[in-house]
Amino acid sequence: MEDVQEHLMEQEEYEDSDNPLAAPCKPPVRSTRLHVQRSSICSRAYFVVVMVFFHVYILNVIGLLLYVHYNNGPGDLVSGDGATSASSSESGAPLPHPDPASRELHVEDYSDSFSLPRIEGIRVGHVQQVSLVSGRTHEMKTISLKPLLFEIPGFLSEEECRVVVQLAQLKGLMESQMTAPSQGQEESNQPLLSISTEEVFSLLDLNQDGLLQKQEIVSHLRSRDGTWLNPDNLRQILSGLEACPTGMLTLEDFSRVYVMSQRPGQQQSRKLHSHFRQRSKHTWLYQGPGSHRVLHTLRNRVTSLTRLPSALVELSEPLQVIRYEHGDFSNAHHDSSPPHSETTCAHTRLAGNTSALAEVSCRYLTMLFYLSSVEEGGETTFPVADNRTYEEQALIQDGVDLTDTQETCSRGNLKMKPAAGTALLWYNHLSDGRGWMGELDEYSLHGDCPVRRGVKWVANSWVNVDPDHQQQARYQRLVAQRHQAKSGTEEHYQALSHSDLHQDL
């Protein structure tokens with residue numbers, strides 16, 4: 001009997017499970033299924049979030065590597081002599097000393113892949129060790145970050161300074177081209193500055209057909225004669241001509257454009273280029289194969305310190321040696337020129353744009369060597385170094401022109417006193433963010449205070465670089481081809497590099 005009852009109870013439970021009406025009473029089944037679905041959704045969302053963070057991380061790593069490559073690229077840069085250049089570190093590890101035997105001519109180094117390394121300033125006052133002479137390290141101190149300026153005491157020995165000065169005296173010094181005019185000269189130049197618009201038009205109109213054409217402007221600018229019209233004036237006139245539908249300017253059109261180019265505000269913006277004055281004597285010393293051992297060693301030392309491809313240094317301007325006597329000075333100026341599409345670099349003119357309006361100096365960096373100490377005066381001044389902002393209008397303060405070192409040298413932000421053997425290095429251009437030369441660093445404005453007592457001897461070593469990377473590569477390729485055509489002898493290369501490729505600026 002009990003067995004029958006148990007059988008009936010089991011049968012009822014079985015039938016209840018098949019009854020649809022009993023489904024609401026069995027929530028655990030449906031609850032279990034919903035739980036599985038929610039777990040699946042959470043897993044999918046978690047996977048998406050993880051993948052997003054992973055991709056962001058990878059992109060950040062790639063961006064960091066690109067930044068390091070283009071801004072600190074010298075760490076793995078192969079220089080022109082085939083030696084790997086080492087970057088300076090914040091820990092102060094010395095830079096490696098190059099093997100002097102390997103420092104020969106390397107005009108074949110015209111690869112499109114080389115970049116322009118920059119020494120890191122870290123902060124003002126930071127000192128790093130550099131190895132320039134075998135068995136000795138030098139201290140390189142960051143003086144300014146705007147411009148990036150370094151001081152290296154003892155860069156030259158007393159004997160090396162003496163040899164450079166004697167070589168300059170042996171070759172002979174000449175008066176600087178940009179000498180401050182005397183009072184009589186200033187008065188005699190006044191009529192040139194006040195010629196009429198009609199006279200200017202007539203002077204520019206070479207064929208005297210009453211129409212001013214582009215080629216006439218270009219021809220006049222290349223001639224570089226006269227002080228009454230500077231390249232900036234001509235560029236503005238050319239811009240007005242190109243905006244004219246006929247491609248030519250009548251006297252009426254020219255009068256309107258010329259008046260615009262002569263506005264006082266625009267004249268102020270060109271002040272640094274048109275009013276630069278200097279009084280000194282200088283000469284140029286060739287540093288290539290066959291030159292004096294001291295000059296050759298000095299060039300190699302510059303290559304080692306800057307970690308630039310040796311071809312850039314070897315094909316740059318010769319060493320300029322300057323003598324400042326009592327009262328001699330130079331007004332504040334920039335060593336290099338801002339890049340313009342209508343200008344070409346003087347050092348790459350062999351592969352340059354023949355339609356360019358003018359040749360300008362393109363100097364990536366400057367190394368200044370003090371060959372003597374000065375008893376009083378003669379400081380190198382940087383009027384706007386480390387200013388928060390730069391504006392040319394701010395160079396006039398209380399009616400005083402800060403570029404006039406004769407009058408305002410003491411008001412400059414930074415002054416470096418000459419000390420024999422000390423070298424200064426600063427960059428005239430910013431980086432373009434891709435490992436090449438960018439815009440002109442306006443803060444590199446500098447000049448020389450008048451010498452009050454004693455004689456000041458300095459030397460300038462410039463590294464010429466074209467802002468156009470491809471133009472620089474074409475130039476070096478052309479030099480290599482000409483060098484090979486000259487059978488590779490030192491005598492032929494000396495004549496090529498010094499006479500044909502360089503221009504005494």
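**Strand E7 and its sheet**

In strand E22, Lys 456 is the bridge partner of Tyr 324. This pair belongs to a predicted model, in which strand E7 (residues 319-324) and strand E22 (residues 456-464) pair in the antiparallel sense over five bridges. Helix H3 (residues 158-171) packs on the sheet and touches E7 and E22, as well as strand E6 (281-285) and strand E11 (363-370).

**The sheet as a whole**
- Nine strands make up an open sheet with antiparallel pairing, and their order is E1-E2-E3-E17-E11-E22-E7-E6-E4.
- Strand E1 (127-133) and strand E4 (174-175) stand at the edges, and because each has a single partner strand, one side of each is left without a neighbour in the sheet.
- Strands of a sheet pair through backbone hydrogen bonds, in either a parallel or an antiparallel arrangement.

**Partners of E7**
- On the E22 side, Val 321 stands opposite Ala 459, a residue of E22.
- E6 and E7 run antiparallel and are joined by five bridges, and Leu 319 in E7 is the bridge partner of Leu 285.

**Cover and packing**
- Which part of E7 is buried? Five of its six residues are buried, so that the strand is mostly covered, taking buried to mean under 20% relative accessible area.
- The direction of helix H3, which packs on the sheet, makes about 100° with that of E6.

Key. Residues numbered from 1 in each chain as written. Predicted model: local features only at pLDDT ≥ 70, side-chain atom pairs only at ≥ 80, totals over all residues. Heavy atoms only, no water. Pairing = 2+ DSSP bridges. Helix = DSSP H or I, 4+ residues; strand = E, 2+ residues; numbered from the N terminus. Contact = heavy atoms within 4.5 Å. Axes fitted to C-alpha atoms, helices over the stretch in contact; angles between N-to-C directions. Buried < 20%, exposed > 50% of the residue type's maximum accessible area, 1.4 Å probe, protein only.
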